[in-house]
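Open the model in your viewer and keep the selection tool at hand. Each stop below says what to pick and what is there.

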Amino acid sequence: MFTGLIEKTGCIKDIQRRGNGARITISTSPWGEPLVLGESIAVSGACLTVSDVISGGFTADVLKETLELTALGNRRRGATVNLERALKAGDRMGGHIVSGHVDGVGSVESIRTTGDDHVVRVSCQSRLIEEVIVKGSVALEGISLTVTAVGADWFEVHIIPTTWRETSLAEAKAGEVVNIETDVIAKYVRKYTVGKGGGDSILATMKRAGFS
């Protein structure tokens, strides 16, 4: 589990295709507590397992499904990625609950400034919008952000200067594909009120029982 508070950025040093998947090598500055083999790390929001710790970085194997369903399949050598290590029991939670299981991708529709903040509009599938609400949380490229506006097929987030400067968003451009993970609480609310994910919704069950 993660919080969406990015610890540092890294750079994709190499991507080697292996069958249907790939092995990705990421270079980054040293960690205060060294990485260990097998630990989980969120790479721009996608939870990966460290397969090797190397000088100046680490490698991770990326499954075919991950390449197909996340923006990692579009990333090339030299791209900047956001990095966050898994949360430890007892750690302070400053963002929101982020699983590292990307729900889908979106496209940066526009970037504008308001005061010192950057306002990023992201277009995405309507199925994702159903789990996004104003003032709710969303993870964009692994970053925990608060939603400020929602449309039929888009949402907006405001990025404060520190977040903009210290994450990969500083390099974002219109048209760029980005990873999106909606709030896990929104997923459960949607399932039990709309019935998505199998079975009738709670509302439908109550209605059959005579409640209105």
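## A tour by selection

Start with strand S4, residues 46-54, and show S5 beside it. The two strands run antiparallel, joined by 4 bridges. This is a predicted model, so read each stop as a computed one.

Zoom in on one pair here. Thr59 in S5 has Asp52 standing opposite.

Now go to the turn. S4 and S5 form a hairpin, with 2 residues between the strands. Select Gly56 in that turn: its phi is positive, about 80°.

Stay on S5 and select residues 57-62. Is this strand largely enclosed or open? It is largely enclosed by the rest of the structure, because 5 of its 6 residues are buried. The cut-off for buried is under 20% relative accessible area.

S2 and S5 run antiparallel, and 6 bridges join them. For a pair to display, take Ile24: its bridge partner in S5 is Ala60.

S3 pairs with S4 in the antiparallel sense, over 4 bridges. Ala42 has Cys47 in S4 as its bridge partner.

Most residues other than glycine have a negative phi. Ser44 also counts as buried, at 0% relative accessibility.

Colour S7 to S12 next. Here 6 strands close into a barrel, in the order S7-S8-S11-S10-S9-S12. The pairing is antiparallel. The twist averages 45° from one strand to the next.

Pick strand S9, residues 137-140, and strand S12, residues 177-182. They pair in the antiparallel sense over 3 bridges. Show Ala139, then look across to S12: Glu181 stands opposite.

Move on to Glu141. You are now in the loop between S9 and strand S10, which spans 143-150. Glu141 is not a glycine, yet its phi is positive, about 55°. Is Glu141 buried or exposed? Glu141 is buried, with a relative accessible area of 2%.

**Cysteines**

Select the cysteines. How many disulfides does a search of the whole structure find? The search finds 0. A disulfide is a covalent bond between the sulfur atoms of two cysteines.

Compare two of the residues. Cys11 is partly exposed, with a relative accessible area of 26%. Cys124 counts as buried, at 10% relative accessibility. The reason for the two labels is the cut-off: buried means under 20%, and partly exposed lies between that value and 50%.

**Last stop: the surface**

Met1 is found in the segment before strand S1, which covers 8-18. Met1 is partly exposed, with a relative accessible area of 47%.

Conventions
Residues are numbered from 1 along each chain as its sequence is written. This is a predicted model: local features need pLDDT of at least 70, side-chain atom pairs count only at pLDDT 80 or more; totals for chains, interfaces and linings use all residues. Side-chain values use heavy atoms; hydrogens and water are left out. Buried means under 20% relative accessible area, exposed over 50%, partly exposed in between (1.4 Å probe, protein chains only). Two strands pair if DSSP finds at least two bridges between them. Axes are lines fitted to C-alpha atoms, for helices over the stretch in contact, and angles run from 0 to 180 degrees between N-to-C directions. A disulfide is a pair of cysteine sulfur atoms within 2.5 Å.
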